[in-house]
Amino acid sequence: MTTGQAATPPGAAARARAATVTAVRAAGAHDVVSLRVPDAEPWGRCRPGQFVVVPVGPGAGSVLPEVHWVAGVHGDPVHGTTVELLLPVDRGTEPGEEWRLLGPMGRGFAPPAQPVPVLLVGHEGGAVPLRWLAEQLRDRGCPVHVLLSASDPELHLDLVHLRRYARSVVLALPEDLPAALERLLDDPAVDPAVVYAAAPRPVLREVAVAGLGRQRVVRVAALDLEAPVVCGTGLCGSCDLEVGDGAEGSGGVLRPCLEGPVVPGELLVDGPTR
Amino acid sequence: MWLGAGAVTDPRALARFGPLLDVPLVAGPVEAGSRRTRVGRTVVHGLGVGGLDHEDARSVRASAVEDVMAWAAARGLTVCVALRGRTTGDLAAVLDRLRRHADADVLQAVEVDLRAADEQEVLRSMSRVREASPRGQHLLARLSVAGPDLVGRARSAVAGGATAVVLAAQVPLAPGRWWSGPSTAALGLSGLRQLVEAAREQRWPGAPLVIAGGIHSEESARVAVREGAAAVQLGTGLWADPTLLWRVRDAVLEELSAPTATPARAGRAPHTRTTRREP
């Protein structure tokens, strides 16, 4: 039993696309990398929560591809379409590099139909999709509140950018995250109708349990790109998540990089703790 | 052109990148007694230059393969089932069940995992699988190049009814753990040369050889075909770049159809059969 359909329907072939690094800006422990892509399509339909795969050849010395969240897509008739990624500083990305990209892959965060208050919860570099999501939600008139956790203040993600779009940004240590989350959910000044989260799975489970317990809508990006990712294309199954009745191997299996990565929080609450 | 079991654990993922009409989808590995519904949770222990240390894919139950067969049948695709079993009875039981499925006509081939088997076990297993298979069913014996007496095991496979031999160039690191990647290409080629030479000397009857391991570029596939492979199997190379499948397929077809193609091949290419098996 599987839990959903492939995010890209068969027949709609995802092909490798060329991209050129045009700018690299420092943002804490990350670089904001801008890539110029030749086609506006399919990037115009890209949403926060989708990701790209950078394939590698054997000559590169690496046997596994790079997988990155899409941190933004901007387009205008003069400069064309630009895709933003947040990459670790130690990757040493340089302007002028030519890349091949597979993507945008997966299913992204859907914005709420009405401009309701929302809470975004993230952990360290896993919070990349929230950076762009905050921008989009603010543009739709949603009051945005952000809760970020990190074991080191340096690992918080591009706070200047987030503070520009969010009504409030709360920072917490990982051990304080559950308490901070409950405070925000119960705070009448925040009162979020929807909770979006992008973080490692244990954090996502905490968010799902706390949010659903208060009858909030919870949507999570269930792919943890901070952990080692093998393929990012749904072939290997290293990101599989067991959901359903909980018995090992007998319940449903969710493959976030194929059927997600954004899924309802209910899927995480029903599954066994991994 | 074949896909490695354990590397492509969900054909829907690969279908997003291009048409699969002439590439049999891989389903499994399937094993009697397994309760798993989907191959998954690939465990990679480490990366190195040109390869990675990973665990074997866990087996799924027959119903998971039937799901893939139904999915393939709805799209006019074919399936190669990767089969594992502790006993020959287990192998036959799974195959018997799959043969009775409504979409059994999508089964283009059955690949039996005999990487850890010795000569006698290869013979017993392939014979039992042949008994349980319909006439004309393609049977592939997956043998480890790194094991002892490759020629003897290949001879047993053919004697047992295998129509092709898959040369797995993965390096065994521990029970259930393997080293895979482009760095295994040399091992695959050595196995290939060994069997091609042995066939020429009539030390085994010869059968089409499928090289599985170290194929991570068009050029490595071309080299394998020139050395005598009738087909290639892609596995972890698709993790690095799934679009490699169509580039390698074109390269292999071009190399096989080249007038200067080597005559050293040990048998007819198994992938040239593209029509479905008659029920």
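Biologist: Among contacts in chain A between residues at least 6 apart in sequence, what percentage join residues at least 24 apart?

Modeller: This is a predicted model, in which local features need pLDDT of at least 70, side-chain atom pairs count only at pLDDT 80 or more, and totals for chains, interfaces and linings use all residues. Residues are numbered from 1 along each chain as its sequence is written, while chains are lettered from A and ligands numbered from 1 in the order in which they are written. Two residues are in contact if their C-beta atoms, placed from the backbone, lie within 7 Å. For contacts in chain A between residues at least 6 apart, the share joining residues at least 24 apart is 69%.

Biologist: What percentage of the residues in chain A are buried?

Modeller: Chain A contains six helices and 15 strands; helices (H or I, at least four residues) and strands (E, at least two) are DSSP runs, numbered from the N terminus. A residue is buried if 20 or more other C-beta atoms, placed from the backbone, lie within 10 Å of its own, exposed if 12 or fewer, and partly exposed in between. Of the 274 residues in chain A, the buried ones make up 47%.

Biologist: Which are the edge strands of the open sheet of seven strands in chain A?

Modeller: Two strands pair if DSSP finds at least two bridges between them. The order of this sheet is E4-E3-E7-E1-E2-E6-E5 (chain A), with antiparallel pairing. Pairing on one side only marks the edge strands, which are E4 (66–69) and E5 (72–76) of chain A.

Biologist: Which residue of E6(A) stands opposite A:His30?

Modeller: Strand E2 (residues 30–37) and strand E6 (residues 80–88) of chain A are joined by eight bridges in the antiparallel sense. In E6(A), the residue opposite A:His30 is A:Pro88.

Biologist: What is the bridge partner of A:Ala197 in E12(A)?

Modeller: Strand E12 (residues 217–221) of chain A has four of its five residues buried and is therefore largely enclosed by the rest of the structure. E12(A) runs parallel to strand E11 (residues 194–198) of chain A, with five bridges between them. A:Ala197 has as its partner in E12(A) the residue A:Val220.

Biologist: Is the crossing of H3(A) and H4(A) left-handed or right-handed?

Modeller: Helix H3 (residues 177–186) and helix H4 (residues 201–213) of chain A pack with their axes 10 Å apart, at an angle of about 30 degrees. Axes are lines fitted to C-alpha atoms, for helices over the stretch in contact, and angles run from 0 to 180 degrees between N-to-C directions. H3(A) is therefore roughly parallel to H4(A), where angles under 35 degrees count as roughly parallel, over 145 as roughly antiparallel, 65 to 115 as roughly perpendicular and the rest as oblique. A crossing is left-handed if the near helix is turned anticlockwise from the far one by less than a right angle, and right-handed if clockwise; that of H3(A) and H4(A) is right-handed.

Biologist: How many charged residues does the contact of H5(B) with H6(B) have?

Modeller: H5(B) and helix H6 (residues 185–200) of chain B have axes 10 Å apart, at an angle of about 65 degrees. B:Leu150, B:Val151 and B:Ala154 of H5(B) meet B:Gly191, B:Gln194, B:Leu195 and B:Ala198 of H6(B). Ala, Val, Leu, Ile, Met, Phe, Trp, Tyr, Cys and Pro count as nonpolar, Asp, Glu, Lys and Arg as charged, and the others, Gly among them, as polar. By this division the contact of H5(B) with H6(B) has five nonpolar and two polar residues, and the number of charged residues is none.

Biologist: Which elements of chain B do the buried residues of H5(B) pack against?

Modeller: Eight of the eleven residues of H5(B) are buried, so this helix is largely enclosed by the rest of the structure. Among those buried are B:Arg153, B:Arg155 and B:Val158. The partners of these buried residues in chain B are H4, strand E7 (138–144), strand E8 (164–168) and H6.

Biologist: Is B:Leu98 buried or exposed?

Modeller: B:Leu98 lies in helix H3 (residues 88–99) of chain B. Leaving aside residues up to four places away in sequence, B:Leu98 touches B:Ala62, B:Val65, B:Val81, B:Ala104 and B:Leu107. Because B:Leu98 has 23 C-beta neighbours inside 10 Å, B:Leu98 counts as buried.
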